Amino acid sequence: MPALASFTLRRLARGLVTVWFAVTVTFLLLRLLPGDPALAIASPTMTEETRAAVLERYGLADPLVVQYGRYLLALVQGDLGTSFTQGQPVSSVLLERLPWTLLLTGAALVVTVLVGIPLGVLAAARAGSGLDRLVQGLGVTGQSLFVPSVGVLLLYVLGLQLGWFPIGGAYDRDVYGGEWYLSVLRHLALPALSLALVQLGAYVITLRSTLIEALGEDYCALARAGGIPYRRVLWKHALRNALLPTTTLVGLQLGFLVGGAVLTETVYAYPGVGRGIYEAVTQLDFPVLQGAFVLLAVTVVVANLLTDLVYGLLDPRVRT
Amino acid sequence: MAAPTRPSAQQPSEPSVDPAAEGATVEGVPGAQAAAVPGAPADVEQVAAGGSAARDTWRAFRRQPLGVLSLGVLGVLVAVAVLAPVLADYPSGTGSSVLAPPSAQHWFGTDNLGRDVFAQVVWGSRSSLLVAAGASALAIVLGTAVAVAGAWWPRLDALVGLVVDLVLSLPVLPLMILVAALVGPRTTTIVLVIAAFSWPEVTRVVRSLALTVVRLPYMDAARLLTPSATWIITRHLLPAVTPVVVVSVVLTASRAVLSAAGLAFLGLGDPRSWSWGRVLFEAQQAGAMSSAWWLTLFPSLAILALVLAATLASIAFNDARDPRSRVRR
């Protein structure tokens, strides 16, 4: 499979370039922005002498290129610096938060796909009907939602008023075994739903329009002419082809999804990377902020890479 | 203007609500497809007709109730921002009634310091609209310039395409957070930060049309008539991409509102001026978010009204400027 191999290599190279770009942009921003570049390493609350000592220790007096090389070398070794406030390596602070963010975004994606596919198919199958217009209207509204607003609304109605779900955190402290997993799921429900609602609009609208396009193509007309029931053509023939552009959209939107996760985690005090960012902002903990961006960028790149590779396996057309 | 003859290779029924909010890719730009068919590049013909095309678009726009309604909502929001000093006193200090629900005296209730939430929302519309206008104006100018330059000089285009792809695949909000925290949350900083990370989206949309337009015969004709690249770009290329830019302005502005609100919600709003995101942030800080529903409901509705109206207006404009969808109606 030489085509598949070269496709994989190209995607891998692109992922690496993206990570390099993210890392370099961060470096340049931190060093070249107006204001004190030393803020990136030395806390503004330190005294003058401590700060000078810290700057010396981190080699901020060296030329920019030397600093850049050292920065890249440290990153390759997984060193993201030290948190001001917690005194621990940023990588360990963030890595213990990352699984929660992955769980939240993953669950949101699953909900988006599970709800989005039937809605999109329904709207496309009855294009122009009242139902179609309703789905489109909801889709456009969904795209205009502000994540924290949705989060607070769900938290208030389903969490506080109805009491169906816990209103914050990621798990109950005093339960073990199977019950612990159950409590994780119950805590996950509201944040994942909030995030999915914001994501859903774009998904449904794209799926709908690509499906309508696919249904108008010759192979669908042929299938219909050959006597295959409409429903089967819709779900088996058209949907399979419409899913590719839609999945590409999901890949493109992963960056937005991560941004939404930051806000959602803040609303629900969910212990992921996003909540870590919120706490780092209030404490002006720049190494954590920088590390969080790098880590999330790498996560998005890896997720995109995986999607691409799976699609390369499933669909020969994308290998070109 | 007479309806242009339909190109033979027609798309099946074009969705009336296209994924314009997703940045209007090629399918959101009807001209991009029609332009490949010689003879009837819809957008280009329209632009060449000048004022009458604008009038036609406006006439078609007025026939869309949702478009008119959303334009009205945008107008009201702008009016509220301009008339803020008349509508409410600047919310400051503390008030006597703390966390009071909405009443005749305080339409939107009061916050944990007894300040009037109605006043906060009214004054907050100023900074929200300012950030939206400022950030989208900057992003549009930069994004269009980059896209057009790339389309004109193919060597530049490879780099443009690469940078756009790279920036669009990064989680932008965490990057904005980092920069805003470093430089300090001022309204000007927020505008610059949002603009700095929004232009690639504009470039992506404008570039796809510009690349089609530069290959059209009339551009070759223009090249024969003048050696001046500036002349061709400003007189022929820019007008041809203007409709997409208009849609982009609106979408970038509404994205900017959401980004600014997101930053403010995380504590990166300008502490010296009110914004909708700041009202939410202070409610969160005070731990009053879940108990005092009015603290979050009203600024949230304001954000939704602005973003939704902008999105609907851009969709209506997109439909109105496309002669093919006009014929169908």
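User: A polar contact is a pair of N or O atoms within 3.5 Å; within protein, one must be able to donate a hydrogen and the other to accept it, and residues adjacent in sequence count only if both atoms are side-chain atoms. Which backbone oxygen does the side chain of T203(B) reach?

Analyst: That of G143(B), at 3.0 Å. This is a predicted model: local features need pLDDT of at least 70, side-chain atom pairs count only at pLDDT 80 or more, and totals for chains, interfaces and linings use all residues. Residues are numbered from 1 along each chain as its sequence is written, chains are lettered from A and ligands numbered from 1 in the order in which they are written, and side-chain values use heavy atoms, leaving out hydrogens and water.

User: Is T203(B) buried or exposed?

Analyst: Buried, at 0% relative accessibility. Buried means under 20% relative accessible area, exposed over 50%, and partly exposed in between (1.4 Å probe, protein chains only). T203(B) sits in helix α9, residues 187-213 of chain B. Helices (H or I, at least four residues) and strands (E, at least two) are DSSP runs, numbered from the N terminus.

User: What does T203(B) touch?

Analyst: G143(B), V146(B), A147(B), V160(B) and V164(B), leaving aside residues up to four places away in sequence. Contact means heavy atoms within 4.5 Å.

User: And R155(B), buried or exposed?

Analyst: R155(B) is exposed, with a relative accessible area of 83%. Its helix is α7 of chain B.

User: How many salt bridges between the chains?

Analyst: 0. A salt bridge is a side-chain nitrogen of Lys or Arg within 4 Å of a carboxyl oxygen of Asp or Glu. There are 3 residue pairs in polar contact between chain B and chain A, both residues at pLDDT 80 or more.

User: What is the pLDDT of chain B?

Analyst: It averages 77, and 81% of the residues score at least 70. pLDDT is the predictor's confidence in each residue, from 0 to 100. Residues 1-49 of chain B stay under 50. Where pLDDT is low, predicted coordinates should not be read in detail. For the complex, the predictor gives an ipTM of 0.84 and a pTM of 0.81.
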